Structures are given as structure tokens and as C-alpha cells.
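Thanks for coming, everyone. Let me put the structure up, and then we'll walk through it together.

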Amino acid sequence: AAKQEVATASMKSECAGMLKTVQSAIDQQEMGTRLLKQELKNIEEETVASMQDQQVQLHRDMSDSMAKQQMVLRQDISKWSNSVVKQQHVVTELMKAQQRELHQDMMGAMAKQQQALHQDLTEELAHQQEEVAKSMVEQQEYMHEQFTEHAAKQHEDVSESIKNQETMAKSITDRLDYIQWVKDGEVPQASS
């Protein structure tokens with residue numbers, strides 16, 4: 001019985017030792033987990049801070065770069081503006097010269113056209129005058145013919161009228177003679 005108690009006590013002691021070892025391992029693991037979590041949190045915070053710093057620096061670098069680019073661009077625009085002004089001046093002078101030349105060409109062409117037109121008009125007018133003169137002669141000849149025909153017809157009509165009047169006068173004379181004859185009683189009276 002004494003051996004059994006010793007054995008039980010020994011087992012209990014071993015169990016207690018094992019339990020203690022397990023508990024110690026659990027405690028160490030929990031501590032390690034806590035340390036790991038803390039370390040991860042620290043790493044995360046450092047990472048976020050580093051990224052924020054990088055963003056700030058990147059923003060600064062971009063701002064500086066943009067400012068430099070804008071400065072260069074302004075200088076380029078200024079150069080281009082001066083160049084454009086010079087080119088505009090050259091173009092303006094060229095356009096003025098072209099306008100003067102064009103004006104002279106147009107004046108010369110207009111003078112030639114006016115001369116040609118004047119000559120054409122003169123020739124056309126002469127031709128028209130000739131045609132009008134010819135037409136007037138023809139019209140006069142036609143009117144003369146018409147007048148001659150009309151005069152001849154009128155003469156015929158007058159002659160005819162005179163003949164008719166003479167015939168009528170003779171008829172009236174004969175009638176008057178007959179009446180006078182009746183008055184004088186020279187016409188035999190019809191028996192009643």
C-alpha cells in the first residue's frame with residue numbers, strides 16, 4: 001500500500017510537472033503570439049508612415065517637376081510667340097507685295113479689256129449704223145412703193161367717182177329734160 005501511494009504520488013508529481021510544462025508552453029506561445037501581433041502592428045505602422053512619407057516626397061517631386069516643365073514650356077511659348085510674330089510680319093509684307101502686284105495686274109488687264117471692249121463697241125456700232133441705214137433705205141423704198149400704189153388706187157377711185165358723178169349728172173339732166181318736156185305738153189297724153 002505504501003508503494004502504491006508512492007507510485008501515485010510520483011504519477012501525480014509527473015502529471016503536475018507535465019501540466020506545468022504544457023501550461024508554460026501555452027504561456028510562451030501566447031506571449032509569442034502577442035509579441036508577433038505587436039511586431040506586425042509596428043511593421044504595419046512603419047509601412048504606413050513610410051508610404052505617407054513617400055507620397056509626400058513624390059508629391060513634392062511632382063510639383064517641382066511640373067513647375068520646371070511649366071517654366072520650360074513658358075520659355076518655349078515665348079520663343080514660339082516671337083517666332084510667330086516675326087513670321088506674321090514676313091507674311092504681312094509678302095501679302096502686301098502680292099496685293100500690289102495683283103492690283104497692277106488687274107489694272108493692266110482691265111485697261112486691256114476696256115480697250116478691247118471699246119474697239120468691239122465701235123465696230124458693233126458702225127455695223128449697227130450700217131444696218132440701220134440699210135434698213136431705213138429699205139423702209140423708205142417700201143413706203144414709197146406703198147405710197148405709189150395707194151396714190152394709183154386713189155387716182156383710180158377718184159376717176160371712177162368722177163365717171164359715176166358724170167353718169168349721174170347726165171341721168172339727172174335727162175330726167176329734167178323729160179320733166180320739162182312733159183310740162184311743155186310735148187309728151188303725148190295717155191287716153192283717159
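How many salt bridges does a search of the whole structure find? Two. Before we visit them, one caution: this is a predicted model.

Start with K153 and D157. These residues form a salt bridge, and the closest N and O atoms are 3.6 Å apart. Look at the spacing along the chain. K153 and D157 sit four residues apart in helix α1, so about one helical turn separates them. What about exposure? D157 has 43% relative accessibility, so D157 counts as partly exposed. The band for that label runs between 20% and 50%.

Now the other bridge. Here the side chains of D174 and K170 meet, at 3.4 Å from N to O. Both residues are in helix α1, four residues apart, about one turn of the helix. Are the two partners buried or exposed? D174 is partly exposed, at 39% relative accessibility. K170 is exposed, because its relative accessible area is 54% and the cut-off for exposed is over 50%.

Next, the helix itself. Helix α1 covers residues 2-183, and W181 is found in it. How far apart do residues get along the chain and in space? Take D105 and V85. They are 20 residues apart in sequence, and their C-alpha atoms are 30 Å apart in space. D105 is in helix α1 too. At 47% relative accessibility, D105 counts as partly exposed.

On to the surface. Which residues gather in a patch of negative charge? E130, E131, E138, E141, E145 and E149. Pick one of them, E138. This glutamate is found in helix α1. E138 is partly exposed, with 49% relative accessibility.

Let's stop at W181. Its relative accessible area is 37%, so W181 is partly exposed.

To recap. Two salt bridges turn up in the whole structure: K153 with D157, and D174 with K170. The surface carries a patch of negative charge, with E138 among its residues. Over to you for discussion.

Definitions and conventions. Residues numbered from 1 in each chain as written. Predicted model: local features only at pLDDT ≥ 70, side-chain atom pairs only at ≥ 80, totals over all residues. Heavy atoms only, no water. Helix = DSSP H or I, 4+ residues; strand = E, 2+ residues; numbered from the N terminus. Buried < 20%, exposed > 50% of the residue type's maximum accessible area, 1.4 Å probe, protein only. Salt bridge = Lys/Arg side-chain N within 4 Å of Asp/Glu carboxyl O. Patch = residues over 30% accessible without salt bridge, like charges linked within 9 Å, V, L, I, M, F, W, Y side chains within 5 Å. Areas by Shrake-Rupley, 256 points an atom, 1.4 Å probe, with all protein chains shown as cover. Lys, Arg positive; Asp, Glu negative; His and termini not counted. Charge placed at Lys NZ, Arg CZ, Asp CG, Glu CD.
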